[in-house]
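User: Hi! I am new to protein structures and would like to go through one step by step. Could you show it to me?

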Amino acid sequence: VRRQATPHVRLPAVFRDGVLALAAGEFAVAIDRFGRVIELDPANGEARLNLGLAFERAGRAAEARDALL
């Protein structure tokens, strides 16, 4: 029987996917992944920083600012 991981157990994989997407220039994917991390862990400052970077690189300055505040 295979057990499903709880959302918090999956956080490192989702975060890693965001980092890889950001590095590859896949900003929409990075925004989605970092947004998911923040939904589950609102205090995750590293995810917020990376979300802001992804928004900025996607040309979405207002959303980048909001993500960082």
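This is a predicted model: local features need pLDDT of at least 70, side-chain atom pairs count only at pLDDT 80 or more; totals for chains, interfaces and linings use all residues.

User: Where is the place of Ala58?

Analyst: Residues are numbered from 1 along each chain as its sequence is written, and side-chain values use heavy atoms, with hydrogens and water left out. Helices here are DSSP runs of H or I with at least four residues, strands are runs of E with at least two, and both are numbered from the N terminus. Ala58 sits in the loop between α3 and α4.

User: Is Ala58 buried, partly exposed or exposed?

Analyst: Buried means under 20% relative accessible area, exposed means over 50%, and partly exposed lies in between (1.4 Å probe, protein chains only). The relative accessible area of Ala58 is 33%, so Ala58 is partly exposed.

User: Which residues is Ala58 in contact with, leaving aside its neighbours within four places in sequence?

Analyst: Contact means heavy atoms within 4.5 Å. Ile31 is 27 residues away from Ala58 along the chain, yet their C-alpha atoms are separated by 9.2 Å. Leaving aside neighbours within four places in sequence, the contacts of Ala58 are Phe27 and Ile31.

User: Which residues have the most contacts inside the largest nonpolar core?

Analyst: A nonpolar core is a set of buried Ala, Val, Leu, Ile, Met, Phe, Trp, Tyr and Cys residues joined through side-chain atoms within 4.5 Å. In soluble globular proteins, nonpolar side chains tend to be buried together. The largest core here has 16 residues, and those with the most contacts inside it are Ala30, Phe34, Val37, Ala47, Leu51 and Phe55.

User: Which helices each supply at least two residues of this core?

Analyst: Let us list them with their residue ranges. At least two core residues come from each of α1 (7-23), α2 (27-40), α3 (45-57) and α4 (61-68).

User: Why do the buried residues of α2 line one face of the helix?

Analyst: The buried residues of α2 are Ala30, Ile31, Phe34, Val37 and Ile38. The arc to look at is that of the directions from the helix axis to the C-beta atoms. Seen down the axis of α2, the buried residues line one face because they fall within an arc of 130°.

User: Is Asn50 buried or exposed?

Analyst: Asn50 is found in helix α3. Leaving aside neighbours within four places in sequence, Asn50 is in contact with Phe15, Val19, Leu22 and Phe34. The C-alpha atoms of Asn50 and Val19 are separated by 7.7 Å, although the two are 31 residues apart along the chain. With a relative accessibility of 12%, Asn50 counts as buried.

User: At what distance does the side chain of Asn44 reach the backbone nitrogen of Ala47?

Analyst: Asn44 is in the loop between α2 and α3, and its relative accessibility is 18%, so Asn44 counts as buried. A polar contact is a pair of N or O atoms within 3.5 Å; within protein, one must be able to donate a hydrogen and the other to accept it, and residues adjacent in sequence count only if both atoms are side-chain atoms. At the start of α3, a side-chain oxygen of Asn44 comes to within 3.2 Å of the backbone nitrogen of Glu46. For the backbone nitrogen of Ala47, the side chain of Asn44 reaches it at 2.9 Å.
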